[in-house]
Amino acid sequence: MIRRRTTGAVAVWMTAVVSALSACSGIAVEAKPESDVNAAVQKHADAIAALAGKALENPKMLAGPCSDPFGRDSDEVYSVQGVYNLAPPDTGTQLDVLSRVRTDWKDKGYTVTDDRTVAADQGVLSGETRDGYNLDIETASPDGFAVIINSPCFERP
């Protein structure tokens, strides 16, 4: 009886380990061209800019390797990060902009992962889309916003 429970527990543990490794190491990671991932990152950034009523400034997009659980990078598996600036709102406060973005994300079914007011009219809002993109908008110093979008890992086709 004890042996059967131990075998079952080991099987469950091994299934979890294999699932975790495959999610990070490129095994069973969706293949997608970098141009498609860049377009998705840009689309998420554009949506935030539209809610802020401002154009994105200083865009920087960079693809990089994804690391497996052991810290090894792979040239075949990559993610894309987009970094942008937004000017402060012409009317209202920066916290009003974060509130509009938060409402939009919740309406879309995104998970809000960080939502903090850090000082007067300064805050951080982070979330994850249903398809694994991590979105972040935070107030910058002295004013305006930094917008950072990170894609999930994809395999190069």
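Let me start with a definition: two strands pair if DSSP finds at least two bridges between them. Helices are DSSP runs of H or I with at least four residues, strands are runs of E with at least two, and both are numbered from the N terminus.

Okay, ground rules. This is a predicted model, so local features need pLDDT of at least 70 and side-chain atom pairs count only at pLDDT 80 or more, while totals for chains, interfaces and linings use all residues. Residues are numbered from 1 along each chain as its sequence is written, and side-chain values use heavy atoms, with hydrogens and water left out.

So, the overview. The protein chain has 3 helices and 7 strands, and from the N terminus the order reads α-α-β-β-α-β-β-β-β-β. Of its 157 residues, 32% are buried. By buried I mean under 20% relative accessible area; exposed is over 50%, and partly exposed is in between, with a 1.4 Å probe and protein chains only. The chain exposes about 9,300 Å², and carbon and sulfur atoms supply 54% of that; the areas are Shrake-Rupley, 1.4 Å probe, and for residues only the protein chains shown count as cover. As for contacts, meaning heavy atoms within 4.5 Å, take those with a separation of 6 or more: 57% of them are between residues 24 or more positions apart.

Now the hairpins. S3 and S4 run antiparallel and are joined by 7 bridges. One of the pairs is Ala119 with Gln122 in S4. This hairpin has 2 residues between the strands, and Asp121 takes a positive phi near 60 degrees. Moving along, S4 also pairs with S5, residues 134–139, again in the antiparallel sense, over 5 bridges. There, Gly127 has Leu135 in S5 as its bridge partner. The S4–S5 hairpin has 5 residues between its strands, and Gly132 in the turn has a positive phi of about 90 degrees.

Why is S4 described as largely enclosed by the rest of the structure? Because 5 of its 7 residues, in the run 122–128, are buried.

Next, who sits around these strands? Val112 is in strand S3 and is partly exposed, at 27% relative accessibility. Leaving out residues up to four places away in sequence, Val112 touches Lys106, Leu125, Ser126 and Gly127. Thr129 and Val112 are 17 residues apart in sequence and 9.0 Å apart in space, C-alpha to C-alpha. With the four-place exclusion again, Thr129 touches His44, Tyr110 and Leu135.

Thr129 also makes a polar contact of 2.4 Å, side chain to side chain, with Asp131. The cut-off there: a pair of N or O atoms within 3.5 Å, where within protein one must be able to donate a hydrogen and the other to accept it, and residues adjacent in sequence count only if both atoms are side-chain atoms.

Over to Gln94, in helix H3, residues 94–107. Buried or exposed, at 5% relative accessibility? Gln94 counts as buried. Its side chain reaches the backbone nitrogen of Gly144 at 2.7 Å. Beyond its neighbours within four places in sequence, Gln94 is in contact with several residues, including Pro88, Asp121, Thr139 and Phe145. You'll remember Asp121 from the S3–S4 hairpin.

Last topic, salt bridges: a side-chain nitrogen of Lys or Arg within 4 Å of a carboxyl oxygen of Asp or Glu. The structure holds 6 of them. Glu30 and Lys32 form one, with the closest N and O atoms 3.9 Å apart. Arg102 and Asp115 form another, at 2.6 Å between the closest N and O atoms. Arg102 lies in helix H3 and Asp115 in strand S3, residues 111–119, so the pair ties together parts that are 13 residues apart in sequence. Asp115 is partly exposed, at 40% relative accessible area.

And Lys54 with Asp90 is at 2.8 Å, N to O. Lys54 lies in the loop between H2 and S1, and Asp90 in the loop between S2 and H3, so this pair ties together parts that are 36 residues apart in sequence. Lys54 is buried, at 18%, whereas Asp90 is exposed, at 69%.
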